[in-house]
Amino acid sequence: MNKQSIYGLTFDRLSSWLLEHGHKKGRAQQVWDWLYRRRVTDFSDMVDVNEDCINVLKEHFAIQTLQEHTKQESADGTIKFLFTLSDGNLIETVLMRHKYGLSVCVTTQVGCNIGCSFCASGLLKKDRDLSSGEIVEQIMNVQLHFDQVGKGERVSHIVVMGIGEPFDNFDNMVDFLEIVKDQKGLEIGPRHITVSTSGLADKIYEFADLKLQVNLAISLHAPNNELRTRIMKINRAIPLEKLMSAIDYYVEKSNRRITLEYILLRDVNDQKEHALELAQLIGDRRAYVNLIPYNPVDEHSQYQRSEEETVLAFYDTLKKNGINCGIRIEHGTDIDAACGQLRSKQIKEGQS
Ligand code: SF4
């Protein structure tokens, strides 16, 4: 049987586990330090931890359950990692270089059941949820890459926007957030973390009640129900009225603005009337609209990228109507940059 990843334990759970196995308080801090500050990849390298403790950890846990399968590096510094999980499944993790630091986009599920019509990942149905350890390990592997490069660079930001719907793997995703935020470990500030959801309203309420202080982004992509249902079938079950109420609750509870993601699809949702309708939908909510020029993928030939003038006109219309917005800068355009592209390409190659 595969051992579980040690990275899946929050600090409190590691402490109780060690106590249950006869190791006193204080041991957890040592182990935690070796994992997240000194970042060893073998329990035997935890030289000041006693041998009994090392042995019991080795018996029950693994440090590395992910294997690097492929790594593509873009001219702008974006790196796309493809990892093989212990069951042979493949997942993607992307590192983006920004002026403000290194940001990692993590995957939370193998495949996805939400089925957004523009998404390369949505074509591959969900096989399973990732464990919290497998999500944390993506961050650790990217950090280890930078440790090896040797310039002392640290992963400073996380976006939970890779393959999968994070709120459909809620408990593991929340444990992951707790682990990476832990001030004794990786210490990634909650304001440097963004979780993106297709809009599972019930989970937005639950998430708001946890008061984790991380940023929440909603994949909106359309200003009305008819169009949103065409683009994202999840809208049939959770229409905009329900979603907007959940958003209002999150903003009120967290006292933070919300980010609304809007992929611009040529002649589908990128016209002036759509921008005006979007501005009306948002009204005076504390929201930031992130306009994303579509990255065409072979699998979805019905969608094209909007013309640059159309993107700018959309932006201008929102601005003129008092909406806080920006146009997302693209990363890694010379590699398989769109979400899920590298993984689906590898799977297709494997099948042919
Ligand atoms: S965009 Fe996200 S939620 Fe939608 S199908 Fe793709 S991975 Fe799933």
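Is Ser132 buried or exposed? In this predicted model, select Ser132 to begin the tour: Ser132 is buried, because its relative accessible area is 7%, and the limit for burial is under 20%. The residue belongs to helix 4, which covers residues 132–149. Display its surroundings next. Beyond the neighbours within four places in sequence, Ser132 makes contact with Gly8, Asn172, Asp175 and Phe176.

**The nonpolar core**

Phe176 is one of the residues with the most contacts inside the largest nonpolar core, together with Met46, Phe207, Val289 and Leu318. This core has 109 residues. Center the view on Val289 to examine one part of it. Leaving out residues up to four places away in sequence, Val289 touches Leu260, Tyr262, Leu278, Ile282, Leu318, Ile323, Asn324, Cys325 and Gly326.

**The ligand shell**

Select the ligand and the residues around it. The shell holds 7 residues, and the closest are Cys112, Gly115, Cys116, Cys119 and Gly164. By residue class, the shell divides into 4 nonpolar, 3 polar and no charged residues. UniProt, in an unreviewed entry, lists Cys112, Cys116 and Cys119 under "binding site".

Now select two of these cysteines individually. Cys112 is placed in the loop between strand 7 (109–110) and strand 8 (128–129). Cys119 is also located in the loop between strand 7 and strand 8. Cys112 counts as buried because its relative accessibility is 9%, and Cys119 is buried with a relative accessible area of 16%.

**The annotated active site**

Where does Glu92 lie? Glu92 is in strand 5, residues 90–98. The "active site" annotation in the unreviewed UniProt entry covers Glu92 and Cys339. With a relative accessible area of 4%, Glu92 is buried. Show the side chain of Lys80 as well: a polar contact of 3.2 Å joins it to the side chain of Glu92.

Move to Lys3, which is found in the segment before strand 1 (4–5). Its relative accessibility is 42%, so Lys3 counts as partly exposed. Which backbone oxygen does the side chain of Lys3 reach? The side chain of Lys3 reaches the backbone oxygen of Lys58 at 2.8 Å. Not counting residues up to four places away in sequence, Lys3 touches Lys58, Glu59, His60, Phe61, Ala62 and Thr65. For a distance check, select His23: Lys3 and His23 are 20 residues apart in sequence and 20 Å apart in space, C-alpha to C-alpha.

**Two residues with positive phi**

Select Lys211, which has a positive phi of about 50° although it is not a glycine. Lys211 is placed in the loop between helix 6 (201–210) and strand 11 (215–219). Its relative accessible area is 52%, so Lys211 is exposed. Then select His221, a residue that is not a glycine and has a positive phi of about 65°. The place of His221 is in the loop between strand 11 and helix 7 (225–231). At 3% relative accessibility, His221 counts as buried, whereas Lys211 is exposed.

Note on methods
Residues numbered from 1 in each chain as written. Predicted model: local features only at pLDDT ≥ 70, side-chain atom pairs only at ≥ 80, totals over all residues. Heavy atoms only, no water. UniProt positions renumbered as here; feature names shortened; annotations may be inferred. Helix = DSSP H or I, 4+ residues; strand = E, 2+ residues; numbered from the N terminus. Buried < 20%, exposed > 50% of the residue type's maximum accessible area, 1.4 Å probe, protein only. Near = heavy atom within 4 Å. Nonpolar A, V, L, I, M, F, W, Y, C, P; charged D, E, K, R; others polar. Core = buried A, V, L, I, M, F, W, Y, C linked by side-chain atoms within 4.5 Å. Contact = heavy atoms within 4.5 Å. Polar contact = N/O pair within 3.5 Å; in protein donor to acceptor, adjacent residues only side chain to side chain.
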